[in-house]
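Subject: Structure for you to look through

Hello,

Here is the structure for you to look through. My notes on what was found in it follow below.

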Amino acid sequence: MKLYTVALAPNPTKVMLYIAERDTLGPPLPIEQITVNTLKGRHREPEHLARNPFGTLPVLEYQDGAFLRESLTIINYLAEKFPEGALLTGSPEARAQARDLERIIEFKIANPIAEYVHVKASPVGYPPNPERAAAIEDALQKPLDFLEGLLGDARPFLGGEAVSVADFTLAAAFQFLRFIKVDLIGERPLLRAWDARYRARDAVQSVLKW
Ligand SMILES: N[C@@H](CCC(=O)N[C@@H](CS)C(=O)NCC(=O)O)C(=O)O
């Protein structure tokens with residue numbers, strides 16, 4: 001299997017975090033990771049567009065010439081295909097909680113942060129838009145407060161006792177912010193402690209570069 005990916009970009013990072021965590025728990029997943037250099041525009045070249053006409057990353061080639069083009073689908077596929085050492089075990093209710101939280105983080109925090117980075121200091125040169133950046137900062141306050149509230153029960157990870165895709169999605173988004181040297185955690189000590197605690201993991205350090 002081949003994962004087409006790139007460091008720093010949030011959606012590829014989410015999948016790379018999943019793979020790195022899995023590799024510490026069970027047999028390494030048989031996945032070759034191949035970088036597609038987005039700074040050089042390689043994701044818009046015919047070779048990558050043949051894998052994914054939308055030109056985005058990550059892409060998993062899971063069979064010869066067959067591709068998955070959505071980060072969460074890739075993670076769910078890998079969990080089903082290689083159940084030994086899979087994360088997100090436990091009762092259907094616990095798994096649903098972690099998945100629900102991941103979706104909330106993706107739509108209310110990670111996607112807005114991705115837009116924020118581009119209107120604030122785009123790594124690929126999009127024009128800045130200070131008004132839009134301010135509006136996104138405002139909108140982020142409620143979901144960040146929500147996470148601070150969740151962590152109030154002393155859980156180590158966002159979904160509870162075990163790491164889950166909720167941690168991967170948020171950590172990938174926060175890395176993107178750190179790349180432009182912005183911290184939006186604010187006065188949220190529990191979320192700040194989660195950020196430090198999660199990033200200290202060996203698996204995470206092998207993936208996060210910022
Ligand atoms: N919904 C997709 C989004 C994929 C996506 O937008 N990836 C970004 C990187 S985080 C990308 O490839 N952007 C390049 C572009 O759109 O040109 C997923 O979850 O995988």
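In the hairpin of β3 and β4, which residue takes a positive phi? Gly65 does, at a phi near 75°, and the hairpin has two residues between its strands.

Before the rest, some background. This is a predicted model, in which local features need pLDDT of at least 70 and side-chain atom pairs count only at pLDDT 80 or more, while totals for chains, interfaces and linings use all residues. Residues are numbered from 1 along each chain as its sequence is written. Helices (H or I, at least four residues) and strands (E, at least two) are DSSP runs, numbered from the N terminus.

The sheet

Four strands make up an open sheet with mixed pairing, in the order β2-β1-β3-β4. Two strands count as paired if DSSP finds at least two bridges between them. At the edges are β2 (32-35) and β4, each of which pairs on one side only. From one strand to the next, the twist averages 25°; axes here are lines fitted to C-alpha atoms, for helices over the stretch in contact, and angles run from 0 to 180 degrees between N-to-C directions.

Strand β1 (residues 2-5) runs antiparallel to β3, and three bridges join them. Lys2 has Glu61 as its bridge partner in β3. β3 also pairs with β4 in the antiparallel sense, over three bridges. Here Glu61 stands opposite Phe67 in β4, and Leu60 has Leu68 of β4 as its bridge partner. In general, strands of a sheet pair through backbone hydrogen bonds, either parallel or antiparallel.

Helix α3

Which residues of α3 (residues 71-81) are buried? They are Ser71, Ile74, Ile75 and Leu78. The arc they cover around the axis is only 95°, which puts them on the same side of α3; this arc is that of the directions from the helix axis to the C-beta atoms. Thr73 and Glu80, on the other side of α3, are exposed. A residue is buried if 20 or more other C-beta atoms lie within 10 Å of its own, exposed if 12 or fewer, and partly exposed in between, with C-beta atoms placed from the backbone. The cover over the buried residues of α3 includes α1 (10-25), β3 (59-63), β4 (66-68) and α6 (165-179).

The two domains

The domain assignment, which is automatic or taken from a database, gives domain 1 (2-81) and domain 2 (92-202) for the protein chain. Their C-alpha centres lie 21 Å apart. Nine residues of domain 1 are in contact (C-beta atoms, placed from the backbone, within 7 Å) with 13 residues of domain 2. On the side of domain 1 that touches domain 2, α1 gives the largest share, seven residues. The residues of that side divide into five nonpolar, two polar and two charged.

Two exposed residues

Gly149 is found in helix α5 (residues 130-150). Gly149 counts as exposed because it has 12 C-beta neighbours inside 10 Å. Between the C-alpha atoms of Gly149 and Ser71, which are 78 residues apart along the chain, the separation is 27 Å.

Ala50 lies in the loop between α2 (46-49) and β3. Ala50 has 10 other C-beta atoms within 10 Å and is therefore exposed. From Ala50 to Gly65 the distance is 9.4 Å, C-alpha to C-alpha, and the two are 15 residues apart in sequence.

Regards

Note on methods:
Two residues are in contact if their C-beta atoms, placed from the backbone, lie within 7 Å. Ala, Val, Leu, Ile, Met, Phe, Trp, Tyr, Cys and Pro count as nonpolar, Asp, Glu, Lys and Arg as charged, and the others, Gly among them, as polar.
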